[in-house]
Amino acid sequence: MIPTIPQSRSFRIVYGGYVLLFFLYLALPLTVVAVFAFNDSQFPSLPWEGFTWNWFFGDSDPQIGVFHERGILRAVGTSAIVAGCVAMLSVAVGTTNAFLFNRYEFRGKGALYVLMLLPLVIPGIVLGISILIASSTLANGVWDVAQLDIQALRPGLLLVVLGQFSFITTIATLVITARLQKFDRTLEDAALNLGATRLTAVRTITIPFLMPAMIGAVVVAFLMSFENFNTTLMLVGSDAPLTIAMFDRLKEGSTPLLNAVSLLLMLGSSLLALLVILFQRR
Amino acid sequence: MRSHARIGFVLLLTPLVLWLGLLIVIPHIDMLLISLRERISFGVYETSAAQYQKALTEPLYLRTFWRTAVMSVLATGITLLIAFPVAYYIAKMAKGRLQQVLFILCLIPFYVSELVRTFGWMILLRETGIVSNLLQWAGLADQPVEMLYNDAAMMVGLVYTSMLFMMVPLVTTLESLDDSVIEAGYDLGGGGFSVLREIIIPHAMPGIVSGCIVVFMLSLGNYLTPTMLGGKDSLWFTEMIYNQFIVRSNWELGAAFGFMLLVLSSVIVWGMLRLTGRTLQETMG
C-alpha cells in the first residue's frame, strides 16, 4: 500500500475518496460557524436571510455586533490578561525545569520527571476542583486563625491563572527540554574558556539557542490558556473569560453574534498557529 | 565550583517543587481528605468512607460512572479506526507539498476552541439545522429532524474533538516506517492485509498507544461535548462532579467523584501502558 506497489484503480479511488470525506468532516463544523456569522437573522440557522456585516459592526438593537458588545469585549480582555500571565509564568518555569532535567543528575530524578508529566494525565475538571478545594481550605484556615478573608483565594482570576498554569507548564517544559537536548554543550565550554562566567555563557549562548522553542511555547501556552474550558469552569469567579462567557450565552440560545466571535477566534488562533508552524519549520 | 553548582541546582529545583507541590500534590491530598469526611452538623465533620459508599451504591452514580468509561473507550476506538487510514495516507501515500499541506490541514481545526467546534456541530445537527434541512430538501424527511441531544451526536462530537491527538502520533510513527520494509513484505508474498497486520500495525504501535491514551483521557474528562450535544440520558461523569460542586455545593461527594474519575483514568492508562510494555516517559515525553 505504497505508491511503488501497484494497486487496483478502484482501491485508489475508494481510498482517495475516504481521505477527501475525512477532510470534509474536519472542515464542516468550522465552515458553518463561519458562514452563519454573516446571516441577517436572529438565529445562526437556515433559512438564509441575506448577507450582513452587522454581527461584527452593527450598533443598534436587535443586531449588536462583536465590536459594540461590551460583555464580549470585556471577556476577550479578561482572557488575554489570563493567557498572558499563564504564558509568561509557564514558560519561565518550563525553562528552569528544562535546565534542571537536562543538566543535573540527582536522586529521585526519574520519579520527579514522571510527577512533572502527571498534570497532562489528570482530567482538567479534577485539576480545577483540587485547586478549588486547596485554596478554600487555606482561606478558611486563615479565617479561623486570623479572621482575615483573603479574596484572592476565592474563585476568581488568580485561581484561573494558577489552574491553567498547573498543566500548561508541563507542555512548556516538554517543548523547551526537546530543544535543550539538541544543544551542543561544548559551545558553553568555549565561552567559559574565553573567560565568561557560567551565567553569562548561558545568557549569551544557550538562551538565544533556546529562543525559538521559548517563543513557540509562549504561543502554545497562550492559545491553550485562551481556549481552556474545563479547568477554568471550576475556578471562575465573577469575571468570566471568553470561553465561559460564550458558554453561558450558548446555553441561553445563540445569535449569529456567537458565530462572529467564533470566526474572529478562528482567524486569530489559526494565524498564530500558522506562525508557529512556519517558525519551527525554519 | 561545587558550591556554585549546588546553588544553581537549588535555584532550579525550587520553581519545580513549588509548582508541583502547591498546585498538584497538596491539592490532591486535600481533595482526598475532603472526600473522606462526612458532615455531621454545621461545621462538624467526621472521617468516614460515607461518600464513597454513597457513590458506589446509588444506581444513578454508578451507572453514569461505567457509562462514561465505556463510552470513552468506544470513542477512542472509533477515533483510531477513522484516523488510521488517513494518517497512513498522509504519511505514506502523499508526497512532498501535498503531504505537508494535508498535515497542517489536520492541525488547524484544533487550534480553534473546543467551544467553537461544539457550536459548529450544534448548528449542523439541531432541529432547524443544516442536516435536517438537507434531508427535507432531498425528500428523505417530511418534517424537521432533531439529531442533537442523543448518544450518536455526542459520539460525533467526542471523536471530532479528539481527532488531532490521534492523528499526530500516528502520522509521526508511520512516517518513520521505511518504504522498503513494506516492499519486502510484498516481495515475500504477503498480501495487503498481511502486510498491514504483520508490518504496519506493529510498527505503528507506539503511536497507537500514545494516541489512544490521550484520546481516552480527553473523552473521559470532557465536559462541553456531553453537556451540549448529549441528551438527558447521556449524563457524563464530569457533569456530576460539576453539579455536586457548583449547583449543590456538596463538596464532599464531589471530591469523591473527582477521585473516582482520577482512579479510573489512571487505571486505564496504566493498564494500556502495561499491556504494551511502555512507560509514561516514552509515551508522553
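Analyst: Helices are DSSP runs of H or I with at least four residues, strands are E runs of at least two, and both are numbered from the N terminus. Gly216(A) sits in helix α8 (residues 198-227) of chain A. The model is predicted, so local features need pLDDT of at least 70 and side-chain atom pairs pLDDT 80 or more, while totals for chains, interfaces and linings use all residues. Residues are numbered from 1 along each chain as its sequence is written, and chains are lettered from A and ligands numbered from 1 in the order in which they are written.

Gly216(A) counts as buried because it has 20 C-beta neighbours inside 10 Å. (Buried means 20 or more other C-beta atoms within 10 Å, exposed 12 or fewer, partly exposed in between, with C-beta atoms placed from the backbone.) Leu275(A) is 59 residues away from Gly216(A) along the chain, yet their C-alpha atoms are separated by 9.1 Å.

Now the largest nonpolar core. It holds 148 residues. Such a core is a set of buried Ala, Val, Leu, Ile, Met, Phe, Trp, Tyr and Cys residues joined through C-beta atoms within 7 Å. The residues with the most contacts inside it are Ile129(A), Ala217(A), Ala221(A), Ala87(B), Met167(B) and Leu170(B). Helix α7 (residues 151-175) of chain B gives the most to this core, with 16 residues. Beyond its neighbours within four places in sequence, Met167(B) is in contact (C-beta atoms within 7 Å) with Ala83(B), Ala87(B) and Cys106(B).

The chains also touch. Chain B puts 67 residues into the contact, and chain A 68. Helix α1 (residues 2-35) of chain B contributes the most to its side, with 15 residues. The chain B side divides into 47 nonpolar, 14 polar and six charged residues.

In α1(A), the buried residues include Leu26(A), Pro29(A) and Val33(A). A kink of about 35° lies at Ala27(A), shortly before the proline Pro29(A). (The angle is between axes fitted to the seven residues ending there and the seven starting there.)

Last, chain B as a whole. Its secondary structure comes to 13 helices and two strands. Of its 285 residues, 42% count as buried. The C-alpha trace spans about 80 × 75 × 35 Å along its principal axes.

Definitions and conventions. Contact = placed C-beta atoms within 7 Å. Nonpolar A, V, L, I, M, F, W, Y, C, P; charged D, E, K, R; others polar.
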